[in-house]
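Please look at the sequence and the model side by side, and keep both in view while reading. The paragraphs below go from the overall fold to single residues.

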Amino acid sequence: MQGFQNADPEKMIEVMGNLVEKYDYMLIDAPAGISKDGVVPLAIADDVILVVNPEISSLADALKTKVLVEMIDSTVMGVVLNRVGTTTTELSKQKVESLLDARILETVPDDTNVRNASAFRMPVVVKYPESPASISFKRLAASLAGVEMPVETEEVEKKEGFVDRLARALFGGI
């Protein structure tokens, strides 16, 4: 905690300058809303992607961030709609696009594999590469990089689970 408290967001500009020379793409996870540690990444970004859950409180933070982005003469490239499908009261994709006046780049479903991968301290795309969230993240990465996402040509054989084996044993191949 002490290192975090002593961190200087202003040094991020210097660090970013060094990293920009080494990488084609960099994604920076910045906090929502208006704070010093959230403004610096916005100020040095080429483009901003808002990551929003389909609920009012998340949208309110995203709107504040969008206004700030526009104040510093930057642009919002689009929106990633995250954790979709958690409740019946969530805002629709069209409503989020309309309220933020920005297009949805990708929709990421709520996926328990994200939390499970986090418990293992691994990215979901590494721990559970075929999970619904992983597929969405891969689609987003491919889109941002301007490449086509490879389509699996072979069907992956479904592993026979315990219930399947039991049903097959009891009922002869169901």
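Helices (DSSP runs of H or I, at least four residues) and strands (DSSP runs of E, at least two residues) are numbered here from the N terminus. Read along the sequence, the protein chain then shows the pattern α-α-α-β-α-β-α-β-α-α-α-α, which comes to nine helices and three strands. The model is a predicted one, in which local features need pLDDT of at least 70 and side-chain atom pairs count only at pLDDT 80 or more, while totals for chains, interfaces and linings use all residues. Residues are numbered from 1 along each chain as its sequence is written, and side-chain values use heavy atoms, with hydrogens and water left out.

A residue is called buried when its relative accessible area is under 20%, exposed when it is over 50%, and partly exposed in between, using a 1.4 Å probe and protein chains only. By this rule, 25% of the 174 residues of the protein chain count as buried. The chain exposes about 12,600 Å², of which carbon and sulfur atoms supply 55%; such areas come from the Shrake-Rupley method with a 1.4 Å probe, and for residues only the protein chains shown count as cover. If a contact is taken to mean heavy atoms within 4.5 Å, then among contacts between residues at least 6 apart in sequence, 61% join residues at least 24 apart.

Where is empty space left among the atoms? Rolling a probe the size of a water molecule over the atoms shows where empty space is left. The search uses a 1 Å grid over the protein atoms alone, and a pocket is an open set of points with protein on both sides within 12 Å along at least five of seven lines, while lining residues have an atom within 4 Å of a point. Grid points are joined across faces, edges and corners, and a volume is the space filled by probe spheres set on the points. The largest pocket holds about 1,500 Å³ of space. Its lining is made of 36 residues, and Met26, Leu27, Ile28, Asp47 and Ile49 lie nearest the centre of the pocket. Two or more lining residues come from each of helix 2 (11-20), helix 3 (36-44), strand 1 (48-52), helix 4 (56-71), strand 2 and helix 8. Sorted by class, the lining has 27 nonpolar, four polar and five charged residues, where Ala, Val, Leu, Ile, Met, Phe, Trp, Tyr, Cys and Pro count as nonpolar, Asp, Glu, Lys and Arg as charged, and the others, Gly among them, as polar.

The next topic is charge. Side chains of opposite charge can pair when their charged atoms come close. A salt bridge is counted when a side-chain nitrogen of Lys or Arg lies within 4 Å of a carboxyl oxygen of Asp or Glu, and the count comes to five salt bridges. In one of them, the side chains of arginine 83 and aspartate 110 meet at 3.1 Å, N to O. Arginine 83 lies in strand 2 (residues 76-84) and aspartate 110 in the loop between strand 3 (104-109) and helix 6 (112-119), so this pair ties together parts that are 27 residues apart in sequence.

Another salt bridge joins glutamate 106 to arginine 139, the closest N and O atoms being 2.8 Å apart. Glutamate 106 lies in strand 3 and arginine 139 in helix 8 (residues 132-145), so the pair ties together parts that are 33 residues apart in sequence. Glutamate 106 is buried, at 10% relative accessible area, whereas arginine 139 counts as partly exposed at 38%.

Helix 8 also holds leucine 144, which touches Tyr25, Ile49, Met77 and Leu105, not counting residues up to four places away in sequence. Finally, the loop between helix 4 and strand 2 contains aspartate 73, a residue that counts as exposed at 72% relative accessibility. Phi of aspartate 73 is near 60°, a positive value in a residue other than glycine, and phi of arginine 83 is likewise near 60°.

Terms used:
On a 1 Å grid over the protein atoms alone, a cavity is a set of points where a 1.4 Å probe fits but cannot get out, and a pocket is an open set with protein on both sides within 12 Å along at least five of seven lines; lining residues have an atom within 4 Å of a point.
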